[in-house]
Amino acid sequence: LGLSQLESTMSEHKEASKRILSEIEAHEKALRQLRQCTIMRWQGADSNLRMHLEVMGDVGSAETSLRNIIRRPDQTFSKDILDMDDDNIPKGGLIFDIAKACDGWATRNERVREMRKASLGRDMHRFGKPFAKHLTTLGMQSPDDIDKVMVWYPEDKIVLKLVGKDRSKEEDIETGSEGERTAAILSLMLLLDDSPIIIDQPEEDLDTKRISDVVVKAIREFKQKQQIIIVTHNPNIPVNGAAENIIQMNFAGGQIQASTSGALQRNEIRQAICDVMEGGKEALDKRYYRISRALEG
(Lines give C-alpha, C1' and ligand atoms only; values in the text may rest on other atoms or scores of the structure.)
Protein backbone atom coordinates (compact mmCIF):
# COMPACT_ATOMS: atom_id res chain seq x y z
CA LEU A 1 0.00 0.00 0.00
CA GLY A 2 1.10 3.54 -0.68
CA LEU A 3 1.83 6.02 2.10
CA SER A 4 -1.21 8.15 1.27
CA GLN A 5 -3.49 5.12 1.45
CA LEU A 6 -2.02 4.08 4.79
CA GLU A 7 -2.55 7.59 6.14
CA SER A 8 -6.15 7.52 4.89
CA THR A 9 -6.78 4.15 6.57
CA MET A 10 -5.25 5.40 9.81
CA SER A 11 -7.43 8.49 9.71
CA GLU A 12 -10.52 6.33 9.22
CA HIS A 13 -9.55 4.15 12.18
CA LYS A 14 -9.02 7.22 14.38
CA GLU A 15 -12.44 8.59 13.48
CA ALA A 16 -14.03 5.19 14.12
CA SER A 17 -12.36 4.96 17.54
CA LYS A 18 -13.58 8.45 18.47
CA ARG A 19 -17.09 7.52 17.43
CA ILE A 20 -17.00 4.30 19.46
CA LEU A 21 -15.70 6.10 22.56
CA SER A 22 -18.44 8.70 22.17
CA GLU A 23 -21.09 5.96 21.92
CA ILE A 24 -19.74 4.21 25.01
CA GLU A 25 -19.90 7.44 27.00
CA ALA A 26 -23.46 8.05 25.78
CA HIS A 27 -24.46 4.59 27.03
CA GLU A 28 -22.74 5.22 30.38
CA LYS A 29 -24.68 8.47 30.80
CA ALA A 30 -27.94 6.76 29.83
CA LEU A 31 -27.27 4.09 32.46
CA ARG A 32 -26.89 6.78 35.12
CA GLN A 33 -30.13 8.42 34.04
CA LEU A 34 -31.98 5.10 34.37
CA ARG A 35 -30.51 4.62 37.83
CA GLN A 36 -31.62 8.11 38.84
CA CYS A 37 -35.15 7.45 37.58
CA THR A 38 -35.29 4.20 39.57
CA ILE A 39 -34.10 5.95 42.71
CA MET A 40 -36.70 8.68 42.32
CA ARG A 41 -39.39 6.04 41.95
CA TRP A 42 -38.23 4.19 45.08
CA GLN A 43 -37.93 7.18 47.35
CA GLY A 44 -41.26 8.52 46.17
CA ALA A 45 -42.80 5.50 47.86
CA ASP A 46 -41.21 6.06 51.28
CA SER A 47 -40.95 9.56 52.72
CA ASN A 48 -38.64 8.42 55.53
CA LEU A 49 -35.86 7.27 53.24
CA ARG A 50 -33.84 9.43 50.87
CA MET A 51 -31.50 8.05 48.24
CA HIS A 52 -28.94 10.14 46.39
CA LEU A 53 -26.94 9.00 43.37
CA GLU A 54 -23.34 10.22 43.34
CA VAL A 55 -22.31 9.66 39.72
CA MET A 56 -18.92 7.91 39.55
CA GLY A 57 -18.65 8.50 43.29
CA ASP A 58 -17.76 5.01 44.54
CA VAL A 59 -14.06 5.66 45.08
CA GLY A 60 -13.38 2.26 46.64
CA SER A 61 -14.59 0.17 43.71
CA ALA A 62 -13.10 2.70 41.27
CA GLU A 63 -9.65 2.21 42.78
CA THR A 64 -9.99 -1.58 42.67
CA SER A 65 -11.14 -1.65 39.04
CA LEU A 66 -8.47 0.78 37.83
CA ARG A 67 -5.68 -1.00 39.68
CA ASN A 68 -6.77 -4.31 38.16
CA ILE A 69 -6.59 -2.77 34.69
CA ILE A 70 -3.11 -1.34 35.16
CA ARG A 71 -1.94 -4.53 36.91
CA ARG A 72 -1.06 -2.93 40.23
CA PRO A 73 -3.59 -4.22 42.81
CA ASP A 74 -1.35 -3.13 45.69
CA GLN A 75 -1.22 0.36 47.22
CA THR A 76 1.57 1.79 45.09
CA PHE A 77 1.05 5.13 43.32
CA SER A 78 -1.61 6.06 45.94
CA LYS A 79 -0.91 9.80 45.61
CA ASP A 80 -1.65 9.59 41.89
CA ILE A 81 -4.59 7.16 42.02
CA LEU A 82 -6.38 7.66 45.36
CA ASP A 83 -4.76 9.34 48.33
CA MET A 84 -6.33 8.87 51.79
CA ASP A 85 -5.80 10.83 55.01
CA ASP A 86 -5.21 9.34 58.46
CA ASP A 87 -8.97 8.82 58.93
CA ASN A 88 -9.19 6.88 55.65
CA ILE A 89 -11.02 9.74 53.94
CA PRO A 90 -10.08 10.47 50.29
CA LYS A 91 -8.07 13.65 49.85
CA GLY A 92 -6.39 13.43 46.45
CA GLY A 93 -5.59 11.44 43.34
CA LEU A 94 -7.28 11.16 39.96
CA ILE A 95 -10.20 9.11 41.35
CA PHE A 96 -10.81 11.73 44.03
CA ASP A 97 -10.76 14.42 41.34
CA ILE A 98 -13.44 12.61 39.33
CA ALA A 99 -15.69 11.89 42.33
CA LYS A 100 -15.61 15.45 43.67
CA ALA A 101 -15.65 17.39 40.38
CA CYS A 102 -18.58 19.61 39.44
CA ASP A 103 -18.47 17.97 36.00
CA GLY A 104 -17.32 14.42 36.66
CA TRP A 105 -17.64 13.40 33.02
CA ALA A 106 -15.29 16.10 31.78
CA THR A 107 -12.82 15.46 34.60
CA ARG A 108 -12.91 11.71 33.94
CA ASN A 109 -12.15 12.26 30.24
CA GLU A 110 -9.31 14.62 31.09
CA ARG A 111 -7.68 12.20 33.57
CA VAL A 112 -8.02 9.28 31.14
CA ARG A 113 -6.42 11.31 28.34
CA GLU A 114 -3.57 12.20 30.69
CA MET A 115 -2.98 8.53 31.47
CA ARG A 116 -2.98 7.71 27.77
CA LYS A 117 -0.47 10.46 27.02
CA ALA A 118 1.77 9.14 29.80
CA SER A 119 1.53 5.65 28.26
CA LEU A 120 2.89 7.16 25.04
CA GLY A 121 5.72 8.87 26.90
CA ARG A 122 4.21 12.34 26.55
CA ASP A 123 3.22 14.94 29.19
CA MET A 124 4.80 12.86 31.95
CA HIS A 125 4.69 15.75 34.45
CA ARG A 126 0.96 15.30 35.23
CA PHE A 127 1.70 12.33 37.48
CA GLY A 128 4.53 11.28 39.75
CA LYS A 129 7.51 9.81 37.93
CA PRO A 130 6.99 6.21 39.14
CA PHE A 131 3.34 6.15 38.04
CA ALA A 132 4.07 7.84 34.71
CA LYS A 133 6.91 5.38 34.06
CA HIS A 134 4.62 2.46 34.88
CA LEU A 135 2.02 3.73 32.38
CA THR A 136 4.71 4.11 29.72
CA THR A 137 5.89 0.55 30.30
CA LEU A 138 2.31 -0.69 30.20
CA GLY A 139 1.74 1.15 26.92
CA MET A 140 4.74 -0.54 25.33
CA GLN A 141 4.27 -4.05 26.73
CA SER A 142 0.48 -4.31 27.01
CA PRO A 143 -1.28 -1.62 24.94
CA ASP A 144 -4.61 -3.48 25.33
CA ASP A 145 -4.60 -2.42 28.99
CA ILE A 146 -4.43 1.22 27.96
CA ASP A 147 -7.44 0.61 25.71
CA LYS A 148 -9.27 -0.70 28.79
CA VAL A 149 -8.35 2.48 30.65
CA MET A 150 -9.95 4.50 27.86
CA VAL A 151 -13.31 2.81 28.48
CA TRP A 152 -12.99 2.72 32.28
CA TYR A 153 -15.75 4.51 34.17
CA PRO A 154 -15.92 4.58 37.98
CA GLU A 155 -19.06 3.07 39.48
CA ASP A 156 -21.78 5.20 41.05
CA LYS A 157 -22.40 5.45 44.76
CA ILE A 158 -25.87 5.34 46.29
CA VAL A 159 -26.11 7.29 49.54
CA LEU A 160 -28.95 6.34 51.90
CA LYS A 161 -30.28 8.89 54.38
CA LEU A 162 -33.07 8.84 56.93
CA VAL A 163 -35.30 11.91 57.07
CA GLY A 164 -36.09 13.40 60.47
CA LYS A 165 -39.63 13.94 61.65
CA ASP A 166 -39.43 17.68 61.01
CA ARG A 167 -38.41 16.88 57.38
CA SER A 168 -35.51 19.36 57.59
CA LYS A 169 -32.75 16.97 58.63
CA GLU A 170 -31.24 14.00 56.84
CA GLU A 171 -29.02 11.49 58.64
CA ASP A 172 -26.44 9.62 56.57
CA ILE A 173 -26.53 5.95 57.56
CA GLU A 174 -22.75 5.64 57.07
CA THR A 175 -22.14 8.05 59.94
CA GLY A 176 -25.31 7.22 61.87
CA SER A 177 -25.88 4.72 64.64
CA GLU A 178 -26.41 0.99 64.20
CA GLY A 179 -30.10 1.55 64.79
CA GLU A 180 -30.33 4.19 62.07
CA ARG A 181 -28.60 1.87 59.59
CA THR A 182 -31.01 -0.91 60.53
CA ALA A 183 -33.98 1.38 59.95
CA ALA A 184 -32.69 2.49 56.56
CA ILE A 185 -31.94 -1.05 55.40
CA LEU A 186 -35.38 -2.19 56.54
CA SER A 187 -37.06 0.61 54.62
CA LEU A 188 -35.01 -0.22 51.53
CA MET A 189 -35.83 -3.93 51.75
CA LEU A 190 -39.53 -3.17 51.86
CA LEU A 191 -39.19 -0.89 48.85
CA LEU A 192 -37.26 -3.25 46.60
CA ASP A 193 -39.46 -6.31 46.52
CA ASP A 194 -43.08 -7.35 46.87
CA SER A 195 -42.46 -11.02 47.71
CA PRO A 196 -43.15 -12.34 51.26
CA ILE A 197 -40.49 -11.17 53.72
CA ILE A 198 -39.49 -12.48 57.16
CA ILE A 199 -37.88 -10.01 59.60
CA ASP A 200 -36.32 -11.08 62.90
CA GLN A 201 -36.59 -8.45 65.65
CA PRO A 202 -36.36 -5.21 63.65
CA GLU A 203 -36.50 -3.28 66.93
CA GLU A 204 -32.93 -4.24 67.89
CA ASP A 205 -30.70 -1.16 68.32
CA LEU A 206 -33.68 1.14 67.65
CA ASP A 207 -35.25 3.52 70.10
CA THR A 208 -39.04 3.72 70.44
CA LYS A 209 -39.25 6.86 68.33
CA ARG A 210 -37.46 5.22 65.40
CA ILE A 211 -39.66 2.14 65.73
CA SER A 212 -42.76 4.30 65.41
CA ASP A 213 -41.42 6.72 62.78
CA VAL A 214 -39.80 4.17 60.48
CA VAL A 215 -40.56 0.53 61.21
CA VAL A 216 -44.24 0.76 62.11
CA LYS A 217 -44.99 3.27 59.37
CA ALA A 218 -43.24 1.13 56.75
CA ILE A 219 -45.02 -2.02 57.88
CA ARG A 220 -48.48 -0.41 57.75
CA GLU A 221 -47.80 0.86 54.24
CA PHE A 222 -46.12 -2.13 52.69
CA LYS A 223 -48.27 -4.85 54.18
CA GLN A 224 -50.88 -3.69 51.68
CA LYS A 225 -48.82 -5.16 48.84
CA GLN A 226 -46.83 -7.99 50.38
CA GLN A 227 -46.93 -10.46 53.24
CA ILE A 228 -44.65 -9.51 56.15
CA ILE A 229 -43.83 -11.96 58.93
CA ILE A 230 -42.10 -10.40 61.94
CA VAL A 231 -40.56 -11.90 65.07
CA THR A 232 -40.60 -9.23 67.77
CA HIS A 233 -40.68 -8.46 71.49
CA ASN A 234 -41.82 -4.87 70.98
CA PRO A 235 -45.58 -4.22 71.38
CA ASN A 236 -45.53 -1.17 69.12
CA ILE A 237 -44.94 -3.35 66.07
CA PRO A 238 -47.95 -5.70 66.23
CA VAL A 239 -50.32 -3.16 67.81
CA ASN A 240 -49.51 0.04 65.91
CA GLY A 241 -48.51 -1.92 62.83
CA ALA A 242 -52.07 -3.30 62.67
CA ALA A 243 -51.00 -6.94 62.58
CA GLU A 244 -53.69 -9.14 61.09
CA ASN A 245 -52.52 -12.33 62.80
CA ILE A 246 -50.49 -12.47 66.02
CA ILE A 247 -48.98 -15.73 67.22
CA GLN A 248 -47.75 -16.04 70.80
CA MET A 249 -44.77 -18.38 70.98
CA ASN A 250 -43.62 -20.20 74.10
CA PHE A 251 -40.52 -22.33 74.73
CA ALA A 252 -41.24 -25.58 76.51
CA GLY A 253 -39.69 -29.03 76.51
CA GLY A 254 -36.88 -27.88 74.26
CA GLN A 255 -39.35 -26.79 71.58
CA ILE A 256 -40.83 -23.50 70.44
CA GLN A 257 -44.59 -23.89 70.41
CA ALA A 258 -47.49 -21.69 69.33
CA SER A 259 -49.59 -20.87 72.39
CA THR A 260 -52.37 -18.80 70.87
CA SER A 261 -53.01 -16.90 67.67
CA GLY A 262 -55.46 -14.47 66.17
CA ALA A 263 -56.18 -10.79 65.64
CA LEU A 264 -56.03 -7.98 68.18
CA GLN A 265 -59.80 -8.16 68.54
CA ARG A 266 -59.43 -11.39 70.53
CA ASN A 267 -59.13 -10.81 74.26
CA GLU A 268 -56.53 -13.57 74.76
CA ILE A 269 -54.30 -11.98 72.12
CA ARG A 270 -54.43 -8.59 73.83
CA GLN A 271 -53.73 -10.33 77.15
CA ALA A 272 -50.76 -12.18 75.63
CA ILE A 273 -49.27 -8.93 74.30
CA CYS A 274 -49.72 -7.31 77.70
CA ASP A 275 -48.16 -10.25 79.55
CA VAL A 276 -45.26 -11.06 77.24
CA MET A 277 -44.29 -7.60 76.01
CA GLU A 278 -45.33 -5.25 78.80
CA GLY A 279 -44.80 -7.45 81.88
CA GLY A 280 -48.49 -7.86 82.63
CA LYS A 281 -51.43 -5.54 83.24
CA GLU A 282 -50.25 -4.49 86.70
CA ALA A 283 -46.80 -3.44 85.43
CA LEU A 284 -48.39 -1.58 82.52
CA ASP A 285 -50.81 0.24 84.84
CA LYS A 286 -47.94 1.29 87.12
CA ARG A 287 -45.90 2.65 84.23
CA TYR A 288 -48.91 4.51 82.85
CA TYR A 289 -49.60 5.96 86.29
CA ARG A 290 -45.99 7.16 86.76
CA ILE A 291 -45.87 8.72 83.28
CA SER A 292 -49.25 10.45 83.65
CA ARG A 293 -48.27 11.84 87.06
CA ALA A 294 -44.97 13.14 85.62
CA LEU A 295 -46.78 14.83 82.76
CA GLU A 296 -49.23 16.47 85.16
CA GLY A 297 -46.36 17.86 87.20
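**A surface patch and a helix**

Author: This is a predicted model. Of the elements behind the nonpolar patch, strand S8 (residues 246-252) gives the most, with three residues.

Reader: Which residues make the nonpolar surface patch, and what is its area?

Author: The patch is formed by Ile247, Met249, Phe251 and Ile256. Its area is about 460 Å².

Reader: Is Ile247 buried, partly exposed or exposed?

Author: Ile247 sits in strand S8. Its relative accessibility is 45%. Exposed would need over 50% and buried under 20%, so Ile247 counts as partly exposed.

Reader: What is the span of H5 from its first C-alpha to its last?

Author: H5 has 16 residues. At 1.5 Å a residue, 22 Å is expected, and the model comes close to that, with a span of 22 Å.

Reader: Which helices do the buried residues of H5 pack against?

Author: The buried residues of H5 include Trp105, Arg108, Val112 and Met115. Their packing partners are helices H1 (3-43), H2 (59-69), H4 (94-100), H6 (129-141) and H7 (143-150).

Reader: Which side chain of opposite charge is nearest to Arg108?

Author: Arg108 lies in helix H5 (residues 104-119) and is buried, yet has no salt bridge. A salt bridge needs a distance within 4 Å, and the nearest side chain of opposite charge is 4.5 Å away. Contacts of Arg108 beyond four places in sequence include Met56, Ile98, Trp152 and Tyr153. The side chain asked for is Glu25.

Reader: Which residue just after H5 takes a positive phi?

Author: The phi there is about 80 degrees, and the residue is Gly121.

How values were computed: Residues numbered from 1 in each chain as written. Predicted model: local features only at pLDDT ≥ 70, side-chain atom pairs only at ≥ 80, totals over all residues. Heavy atoms only, no water. Helix = DSSP H or I, 4+ residues; strand = E, 2+ residues; numbered from the N terminus. Buried < 20%, exposed > 50% of the residue type's maximum accessible area, 1.4 Å probe, protein only. Lys, Arg positive; Asp, Glu negative; His and termini not counted. Contact = heavy atoms within 4.5 Å. Patch = residues over 30% accessible without salt bridge, like charges linked within 9 Å, V, L, I, M, F, W, Y side chains within 5 Å. Areas by Shrake-Rupley, 256 points an atom, 1.4 Å probe, with all protein chains shown as cover. Expected span 1.5 Å × (residues − 1).
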